[in-house]
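This report describes one protein chain, from its overall make-up down to individual residues. Please read it beside the sequence and the structure shown here.

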Amino acid sequence: MSGIAYTVAVILGGITLIAEAYRQFEKPVVVHAHNRFPVLRKLDISSLCSKSEYLRGFIIYVIIYLSAYAAFLTSLELYELLNTPEAGQKLAGAIGHVSPTGQEEGAGGVDDYGKPIFVSASIIFSLSSGLFAPIERYTRAFAHRLAGIPRGVYRIIGQLKRVDYEILAPNLPLPLSTSYSDSIEELSEDILKSQMIEETRNALRVIDILSPAVTGQLGDRIFTQDSLESVNELIDSERDSVKALSDRLSSLRENHGALEELHRQVLDTRDNLQALFAVLFIQSRSIALVSDATPTARIMDKLLERHTDPDSQSLAGALATTFVATIVIVTLADLLFVYGAYGGRTLAEVIAAEINVSIRFGLWAAVRITLMFLASAALAVIVRETRIDSGQWPAYTVNRLPFLRFSIAAIIPGIAAIIACFIGDIGEKSIGLLISSGTVMTKSQLEDSVQSGGGFYLMCFGWGFLISIFYFLVTDLHDELPARKTVSIALGVFALFAVWALVIVVSGYSGGGEDEFWLARIIKETSGFALPALIFFVTFALLLEWTEE
């Protein structure tokens with residue numbers, strides 16, 4: 001019963017953290033203020049994304065909370081274990097052994113029931129106030145960005161900016177544009193051709209086309225009612241802004257000196273309308289247009305086009321190729337090593353006897369390596385996009401590579417590689433134990449794994465560092481470089497990756513001169529790391545070049 005009680009305490013601590021994550025996630029994070037579109041500042045997070053994006057972001061945020069919970073809870077157990085070595089010899093399972101006195105020691109002991117609640121409460125207190133509050137805010141911003149919040153809204157606004165509204169509605173009645181043209185027809189030719197006049201005219205055309213869908217009755221027929229209700233106050237405010245703009249245009253003929261002030265007002269109204277249109281569009285799961293011939297229908301068609309991100313598609317393709325290739329490479333390398341090192345059998349006999357073990361070995365190697373590439377590349381993507389969004393990723397050339405920027409940006413992906421290697425290794429051992437003996441990994445076995453593989457895990461940082469550097473270089477430069485130079489970058493980074501793999505394998509090798517096959521063993525282990533990296537780097541570079549527009 002004590003083991004069940006401890007499990008219940010762990011679950012209650014997790015539920016407490018999930019409730020706190022739900023309370024915190026809704027709060028907007030002003031990391032990058034909505035300077036261009038101030039209307040978005042008045043919206044909460046749920047109004048800036050679709051329901052699926054919101055749910056995805058919340059799940060990511062909860063995973064981060066629970067990961068911290070598990071890490072701190074486990075670290076307490078490991079700390080006790082490392083400081084009382086004799087305890088590790090007594091443990092018989094994941095919960096702990098029962099002492100002769102009848103009291104359970106270790107994680108499930110009587111004195112430990114409050115430990116999960118204590119850890120949970122400490123995390124909540126630390127992240128809600130004081131020194132660690134900024135960490136929580138940036139963690140929340142990280143979850144928002146990973147789920148595409150509010151990047152999806154900005155993407156739609158960007159598409160609305162690229163629409164050619166003049167071609168879109170050549171014969172449509174445009175009351176504001178017409179009123180403006182009539183009011184300024186008496187101005188001199190030089191003023192009429194000025195950039196300010198042209199910008200004002202174009203912005204008014206946008207307002208004429210979008211305002212019926214945002215502030216007019218057309219919105220009720222296009223967007224879902226729940227999306228309209230969530231921004232109802234802003235719609236009313238924007239309707240008043242359009243009305244005030246119309247009244248001002250009517251009196252413009254008598255006051256040409258107000259052109260500059262009108263210009264600013266028109267641009268603000270246009271930006272707010274486009275922002276609200278994007279919010280309504282991204283929240284509406286079903287869109288029913290009254291007529292396909294309207295300009296709004298043509299805008300919707302453009303926004304509903306499937307725009308695939310070539311970087312993400314290339315990354316997914318490279319990861320899938322690497323996973324399959326690693327299984328093949330490691331399986332074949334293992335079979336050839338067994339055939340060469342242990343003679344007396346034909347290759348066919350070796351394959352028949354060892355194929356199952358070699359395939360299982362190759363499968364787990366593929367899981368570990370692909371997980372490391374996925375974690376490092378995914379964090380590199382996030383770091384790069386975050387820097388781009390905040391204006392901290394300026395362009396550069398091959399002759400002036402920003403090594404310091406790359407080095408700082410690659411730290412987080414490097415740490416992700418360490419974590420991924422640890423998870424992959426412990427996962428393999430845990431599942432292997434569960435399948436072979438039906439038992440779970442004990443804390444003493446976990447301690448042994450950390451002590452024996454700790455050096456390898458830390459050295460995986462170098463691999464994650466190189467993966468992120470490669471991603472930065474190829475993603476930034478492939479548009480300007482020919483395909484052969486992009487592939488050359490891949491081969492150059494692979495060479496560094498292979499050298500680091502050799503260093504890791506040699507530093508961890510303990511066979512010494514007693515192993516007559518030491519060279520073959522080192523080549524086998526190094527190729528098991530290096531060749532999948534070659535597949536990943538070259539495939540990603542080629543897919544990027546192939547998907548170039």
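## Surface and overall make-up

The protein chain exposes about 28,500 Å², and carbon and sulfur atoms supply 62% of that area. The model is a predicted one. Its protein chain holds 22 helices and zero strands.

Of the 549 residues in the protein chain, 44% are buried.

Helix H21 covers residues 483-508, 26 residues in all. From its first C-alpha to its last, H21 reaches 37 Å, close to the 38 Å expected at 1.5 Å a residue. The buried residues in H21 include Thr486, Val487, Ile489, Ala490, Val493 and Phe494. Further along H21, Phe497, Ala498, Ala501, Ile504 and Val505 are buried as well.

Helix H6, residues 151-162, has 12 residues. The distance from the first C-alpha of H6 to its last is 17 Å, close to the 16 Å expected at 1.5 Å a residue. Buried in H6 are Gly152, Val153, Ile156, Ile157, Gly158, Gln159 and Leu160.

## The cavity

Rolling a probe the size of a water molecule over the atoms shows where empty space is left. The count comes to one cavity of 30 Å³ or more. The largest cavity contains about 60 Å³ of space.

Its lining consists of Arg368, Ile369, Met372, Cys421, Phe456, Trp463 and Phe529. By class, six of the lining residues are nonpolar, none is polar and one is charged. Helix H17 (347-389) and helix H20 (443-477) each supply at least two residues of this lining. The largest share, three residues, comes from H17.

Threonine 526 is found in helix H22, residues 518-546. Its relative accessible area is 12%, so threonine 526 is buried, the cut-off being under 20%.

Leaving aside residues up to four places away in sequence, threonine 526 touches Ala498, Ala501, Leu502 and Val505. Ala498, Ala501 and Val505 are among the buried residues of H21.

Aspartate 311 lies in helix H16, which spans residues 310-341. Aspartate 311 counts as buried because its relative accessibility is 13%, under the 20% limit. Residues up to four places away in sequence aside, aspartate 311 touches Arg384, Tyr471, Thr475, His478, Phe540 and Leu544. The C-alpha atoms of aspartate 311 and valine 474 are separated by 9.8 Å, with the two residues 163 apart along the chain.

Aspartate 271 is part of helix H14, residues 259-283. At 6% relative accessibility, aspartate 271 also counts as buried. Valine 206 is 65 residues from aspartate 271 along the chain, and their C-alpha atoms are separated by 9.5 Å.

## A partly exposed alanine

Is alanine 68 buried, exposed or partly exposed? Its relative accessibility is 27%, so alanine 68 counts as partly exposed, a class that runs between the 20% limit for buried and the 50% limit for exposed.

Alanine 68 lies in helix H2, residues 51-83. Along the chain, alanine 68 and valine 119 are 51 residues apart, and 9.7 Å separates their C-alpha atoms.

Definitions and conventions: Residues numbered from 1 in each chain as written. Predicted model: local features only at pLDDT ≥ 70, side-chain atom pairs only at ≥ 80, totals over all residues. Heavy atoms only, no water. Helix = DSSP H or I, 4+ residues; strand = E, 2+ residues; numbered from the N terminus. Buried < 20%, exposed > 50% of the residue type's maximum accessible area, 1.4 Å probe, protein only. Areas by Shrake-Rupley, 256 points an atom, 1.4 Å probe, with all protein chains shown as cover. Expected span 1.5 Å × (residues − 1). 1 Å grid on protein atoms, 1.4 Å probe; cavity = no way out; pocket = protein on both sides within 12 Å on 5 of 7 lines; lining within 4 Å. Points joined across faces, edges and corners; volume = space filled by probe spheres on them. Nonpolar A, V, L, I, M, F, W, Y, C, P; charged D, E, K, R; others polar. Contact = heavy atoms within 4.5 Å.
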